[in-house]
Amino acid sequence: MDIQLLLNQAWEEKKEGKFTESLALYDQVYGELVKEATEHARAQQGTTEDEGDTRKILPKYFEEADNYLRRDNVVCTILNNMGVIFAELGDKDAARKHFEESIKYTPQGMEYENPKVGLKSLE
């Protein structure tokens with residue numbers, strides 16, 4: 001999957017007012033990135049523990065996955081863009097959820113005000 005191609009396509013769909021199509025593309029890319037993050041977390045030492053036939057997922061698993069999603073600005077940008085579309089569609093709850101997730105996945109030390117501005121615009 002060419003993530004950049006899908007992101008460009010999602011942006012073009014949004015500019016043309018094809019919000020449903022744009023959201024579907026953004027969601028597809030986000031899902032792929034979450035899948036990559038879980039595969040990354042699973043491969044790290046200390047993220048799971050086997051007890052007989054049961055595999056226990058440890059807190060470190062979720063930390064590793066979250067850190068993977070924060071490694072650059074791609075995930076926070078996707079989530080912000082989705083929040084903008086939901087706001088334009090009038091779905092304030094979905095917009096708020098996506099803006100908050102965008103803030104959560106903004107890399108540490110990065111100044112990215114867009115989702116904060118989006119949240120304020122919903123008030």
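**View 1. The buried residues of helix α2 in the predicted model.** In this predicted model, the residues of α2 that are buried are F19, S22, L23, L25, Y26, V29, Y30, L33, A37 and A41. These buried residues pack against α1 (3-15), α3 (59-69), α4 and α5. Helix α2 itself covers residues 19-43, and its 25 residues reach 36 Å from the first C-alpha to the last, which is close to the 36 Å expected at 1.5 Å a residue.

View 2. K14 and M82 are 68 residues apart in sequence, whereas their C-alpha atoms lie 9.8 Å apart in space.

**View 3. The packing of helix α4 with helix α5.** Helix α4 (residues 74-89) and helix α5 (residues 92-104) pack at an angle of about 165°, and their axes are 8 Å apart. Because of that angle, α4 is roughly antiparallel to α5. The crossing in which α4 passes α5 is left-handed.

**View 4. The residues that meet between α4 and α5.** From α4, the residues C76, L79, N80, M82, G83, V84, F86 and A87 meet A94, A95, H98, F99, E101 and S102 of α5. Sorted by class, this contact of α4 with α5 has nine nonpolar, four polar and one charged residues.

Notes: Residues are numbered from 1 along each chain as its sequence is written. This is a predicted model: local features need pLDDT of at least 70, side-chain atom pairs count only at pLDDT 80 or more; totals for chains, interfaces and linings use all residues. Side-chain values use heavy atoms; hydrogens and water are left out. Axes are lines fitted to C-alpha atoms, for helices over the stretch in contact, and angles run from 0 to 180 degrees between N-to-C directions. Helices (H or I, at least four residues) and strands (E, at least two) are DSSP runs, numbered from the N terminus. Angles under 35 degrees count as roughly parallel, over 145 as roughly antiparallel, 65 to 115 as roughly perpendicular and the rest as oblique. A crossing is left-handed if the near helix is turned anticlockwise from the far one by less than a right angle, and right-handed if clockwise. Contact means heavy atoms within 4.5 Å. Ala, Val, Leu, Ile, Met, Phe, Trp, Tyr, Cys and Pro count as nonpolar, Asp, Glu, Lys and Arg as charged, and the others, Gly among them, as polar. The expected span of a helix is 1.5 Å times one less than its number of residues. Buried means under 20% relative accessible area, exposed over 50%, partly exposed in between (1.4 Å probe, protein chains only).
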